[in-house]
Every structure is written in C-alpha cells, then in structure tokens.
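Colleague: I am new to this structure. Please take a close look at one part for me.

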Amino acid sequence: MIDFLFHYQKNIGIIKSFDSFGKVEYYDTDENIRKRYNLNFDDKMKKALIEIAKITISEELEYNLQGIYPRYDVKTMSPSWAISDMLTGIYFSIFYMRPGLELYRKCENPNCDRWFLVKTTSTKKKYCSSSCSNSMAQRNHRKRKKELEKRNP
Ligand SMILES: [Zn+2]
C-alpha cells in the first residue's frame with residue numbers, strides 16, 4: 001500500500017486532501033494531473049490498486065463482523081445468528097452478497113427511493129415492486145397520451 005502511494009504521488013501528483021465521496025485535491029493543476037495520469041497510470045498501477053481495494057474490503061468486513069455470534073434456537077431447533085447492532089447487520093448482508101450474481105439497484109420510480117436486490121441475469125427489472133411498476137406504467141401512459149394530444153389537437 002505504501003509502495004503504491006509512493007509511486008502514485010511521485011508519478012501522478014502529491015495529494016492535498018480527499019473526501020469520503022472520492023474527490024481528490026492535488027498540489028497541482030487538474031490539467032497537469034490528468035496529463036501525468038494518462039501517461040503513468042498503467043496496467044501495473046491499476047492491478048496494484050485493485051489488490052489494495054480487495055485487501056481493504058476484506059479487512060473492513062472481517063473487522064465489522066466481530067459482533068456476530070452463532071446461536072442455537074431451541075424453540076425451532078435450528079441455527080441462527082446473534083447480531084450486536086444495525087451496522088454489523090449491514091456488514092453481514094454484504095458478507096453474504098455474491099458478486100457477479102446479485103446486485104442492488106435503485107428503483108426507477110422517482111417517487112420511491114428503495115433499493116432492491118436483483119440477479120445480474122435479470123437486467124430488465126427496473127422497479128422494486130409491482131406497485132412501483134404499475135404506477136410508472138400509468139404515468140408513462142398518461143405522458144404518451146398528453147404528447148399525442150399535443151401533436152394532434
Ligand atoms: Zn419502488
């Protein structure tokens with residue numbers, strides 16, 4: 001990681017600051033940074049960055065899964081998990097995500113801000129529920145009807 005940061009700052013630019021949204025500021029103009037980035041951010045650098053990202057993800061997950069304990073539920077005679085808090089629960093759901101098979105997608109209904117889990121093979125699914133899908137179908141129908149009326153008064 002230190003090696004990567006050394007080469008990144010030596011060959012592309014010295015980092016002044018960065019925020020949690022990924023915005024990076026340098027001690028140089030954006031134009032100069034872009035030029036050096038295009039010249040020096042090669043496959044070797046990309047590969048190193050991906051390796052660092054993978055290590056970071058696994059360490060972040062493993063650290064935040066410490067609040068999970070196996071429990072045996074004698075009422076149902078089945079195994080379960082005790083989860084200490086909400087954040088741990090969120091990390092636990094990431095832990096069980098299967099990349100390449102499932103992903104979270106934002107509902108395309110502008111009046112809804114839910115995210116839903118989709119299989120990557122079902123690329124057509126746009127809405128979280130049938131009610132969002134129906135309301136958008138109605139909305140699009142009304143919009144088309146209005147446009148048609150505008151064209152043919
Ligand atoms: Zn929705």
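This is a predicted model: local features need pLDDT of at least 70, side-chain atom pairs count only at pLDDT 80 or more; totals for chains, interfaces and linings use all residues.

Where in the protein chain is confidence lowest, and where is confidence highest?

Modeller: Residues are numbered from 1 along each chain as its sequence is written. Confidence is lowest in strand β5 (residues 102-106), at a mean of 82. Confidence is highest in helix α2 (residues 30-40), at 94. These scores are pLDDT, the predictor's confidence in each residue, from 0 to 100. The protein chain averages 90, and 99% of the residues score at least 70. Helices (H or I, at least four residues) and strands (E, at least two) are DSSP runs, numbered from the N terminus.

Strands β3 and β4 run antiparallel, joined by 6 bridges. Two strands pair if DSSP finds at least two bridges between them. Tyr-69 has Ala-82 in β4 as its bridge partner.

Lys-75 is exposed, because 5 other C-beta atoms lie within 10 Å. Buried takes 20 or more such atoms, exposed 12 or fewer, and partly exposed is in between; C-beta atoms are placed from the backbone. Of the 6 residues of β3, 0 are buried, so β3 lies largely in the open.

Finally, Lys-75 and Met-45 are 30 residues apart in sequence and 54 Å apart in space, C-alpha to C-alpha.
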